[in-house]
Amino acid sequence: MVVTVRSLGLNGIRGYEVSAECFLSGGLPAFDVVGLPDAAVREARERVRAAVKNCGLKFPVSRITVNLAPAGQKKAGTVYDLPVFVGILAANGGLPAPPPDAAFLGELSLTGALRRVTGVLPMALAAEKAGVRKLFVPAENAAEATLAGGLTVYGVPDVKALTAHLQGRELLSPAPAWRPEPDRTGLLDLRDVMGQENVKRALEIAAAGGHNLLLIGSPGAGKSMLAKRLPSILPDMGREEALEVSGVWSVAGLTDPKHPLLTRRPFRSPHHTTSASALAGGGPNMRPGEISLCHNGVLFLDELPEFHRDVLETLRQPLEDGEVTVTRAGGTLRLPARFQLVCAMNPCRCGWRGHPDRRCTCSSREVARYVEKISGPLLDRIDLHVNVPSVEYEAMRRRETPEDSAAVKKRVDAARAIQSRRLAGTGTLCNAQLPPPLLGVYCRLDDAGEALMKNAFQRLGLTARSHDRILRVARTIADLDGEEAIDAVHLAEAIQYRNTDILKG
């Protein structure tokens, strides 16, 4: 007898339907799992056998064959323990055949308890699209599965409760839809930073338009302190954005079972010893990397020149396309990577180039060699190059309280609201993502602006890419001022942020 149990699998960060076909036949007792299973899937044989026996159920003494279809797709992980358990008992007559609109996933312990698995949110979304109406998952994953909507989710604590439900003896209660609670953990606030008004202005522009930002200054000037406060002024995520990010984090196993939906934009700050694979993704299990974990959020690279050159070069294509394609021996994986890049660096190796006390000991050649670690194509993709001067003593002793993040965020939200209305229906979310066809529509310049841009293009040696990025920044500055047209003053402020002379100390 063949019993088919619906389940789900993961291909990268996307779920797909899997059918567990269980067949019992005569012959010597054996238990085979086919359908390109990895070691974790093959080991389900022992977990299922032990769970059946330790729960007081009868394990069939026959030849058991389990096929995980589609058989040409590699299967990985422990999510197939539960459908295999249900299929074998149903084929042996110990359980009724599962409903055709039900799907099962989860890892079994040897005692029959269900353990939490990763990637439940993308699998639940795939289940809803595939017509599944009842989804049985481990109890710890129930809240996450309800985020998909359109499903009746049952959180299963152990196989005894599941068998009682399927036999109609004691029904499980559907899991209530999870609702986000107010986040009581505070973010770092801009009011903690004394002085640095020019850098705060650059942070506000970056947050309002989603622009990339490079902070250059001596040690102790506040580069990292300012960058870590950027999330406090970023606009809130919409539900679709939150689901995208939460799905990536779910696959990586980083979500909290009690708070499965990320309500704040992610902020990732990998160490400068990070490898290219850790940044872009991949590895033996083809998992998302740092640039995907900060999708719709911020990637902060502190001490930028200390990163390996090949690591930094992996950012070039994702910064343009908003996704990364990883090709390894295990296959090809496309991951979302629409993030805001924020970098911080010293002006030279010793860090004191341009400091008022003139303590720098680096020669001009040493400064050039240090800056050359960052390629021109990568710098060209960063919209705002900002000098972070050393803080003066008087600024540190000021008694007035600086403007807090809440006030800045109001202006950022207002600018983003203007962009949302302007870009509705285009698939573009903010000014930093404006495609070239829309630049000519929304970033037109008057005669004074054209003359200013032509002069800057020739004097600064701008590229076509940097020309377009200046227009996008000017559009954001105009939005912050509530202006429909880009004036020369908006363009002039945008141009000053492309002054790469500060990279030369």
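In which helix do Lys 200 and Glu 197 both lie, and how many residues apart are they? Both of them lie in helix H7, residues 197-209, and they are three residues apart, which is about one turn of the helix. Helices here are DSSP runs of H or I with at least four residues, strands are runs of E with at least two, and both are numbered from the N terminus.

Before I go on, a word on the source: this is a predicted model, in which local features need pLDDT of at least 70 and side-chain atom pairs count only at pLDDT 80 or more, while totals for chains, interfaces and linings use all residues. Residues are numbered from 1 along each chain as its sequence is written, and side-chain values use heavy atoms, with hydrogens and water left out.

The side chains of Lys 200 and Glu 197 meet in a salt bridge at 3.8 Å, N to O, where a salt bridge is a side-chain nitrogen of Lys or Arg within 4 Å of a carboxyl oxygen of Asp or Glu. As a general point, an α-helix has 3.6 residues a turn, so residues three or four places apart point the same way.

Arg 381 is buried, at 8% relative accessibility, while Glu 320 is partly exposed, with a relative accessible area of 38%. In the other example, Glu 403 and Arg 411 form a salt bridge at 2.7 Å, N to O; Glu 403 is partly exposed at 40%, and Arg 411 is also partly exposed, at 32%. Salt bridges that share partners also join Glu 320, Asp 380, Arg 381, Asp 383, Arg 465, Arg 469 and Arg 498 into one network.

What does the side chain of Ser 375 meet in a polar contact? Its partner is the side chain of Glu 313, at 2.8 Å; a polar contact is a pair of N or O atoms within 3.5 Å, where within protein one must be able to donate a hydrogen and the other to accept it, and residues adjacent in sequence count only if both atoms are side-chain atoms. Ser 375 sits in the loop between helix H14 (364-371) and helix H15 (376-380), and is buried, with a relative accessible area of 4%.

Let me turn to the strands. Strand S1 (residues 2-11) and strand S2 (residues 14-25) run antiparallel and are joined by ten bridges, with two strands taken as paired if DSSP finds at least two bridges between them. Gly 9 has Tyr 16 in S2 as its bridge partner, and in the hairpin, which has two residues between the strands, Gly 12 takes a positive phi near 75 degrees. S2 is also joined to strand S4 (residues 63-69), again antiparallel, by seven bridges, and there Leu 24 is partnered by Ile 64 in S4.

Finally, the backbone. Most residues other than glycine have a negative phi, and most peptide bonds are trans. Leu 36 has a positive phi of about 55 degrees although it is not a glycine; it is placed in the loop between strand S3 (30-34) and helix H1 (39-42). Asn 296 likewise has a positive phi, near 65 degrees, and is found in the loop between helix H11 (290-293) and strand S14 (298-301). The peptide bond from Ala 69 to Pro 70 is cis, with omega near 5 degrees, and Pro 70 is in the loop between S4 and helix H3 (81-91).

Key. Buried < 20%, exposed > 50% of the residue type's maximum accessible area, 1.4 Å probe, protein only.
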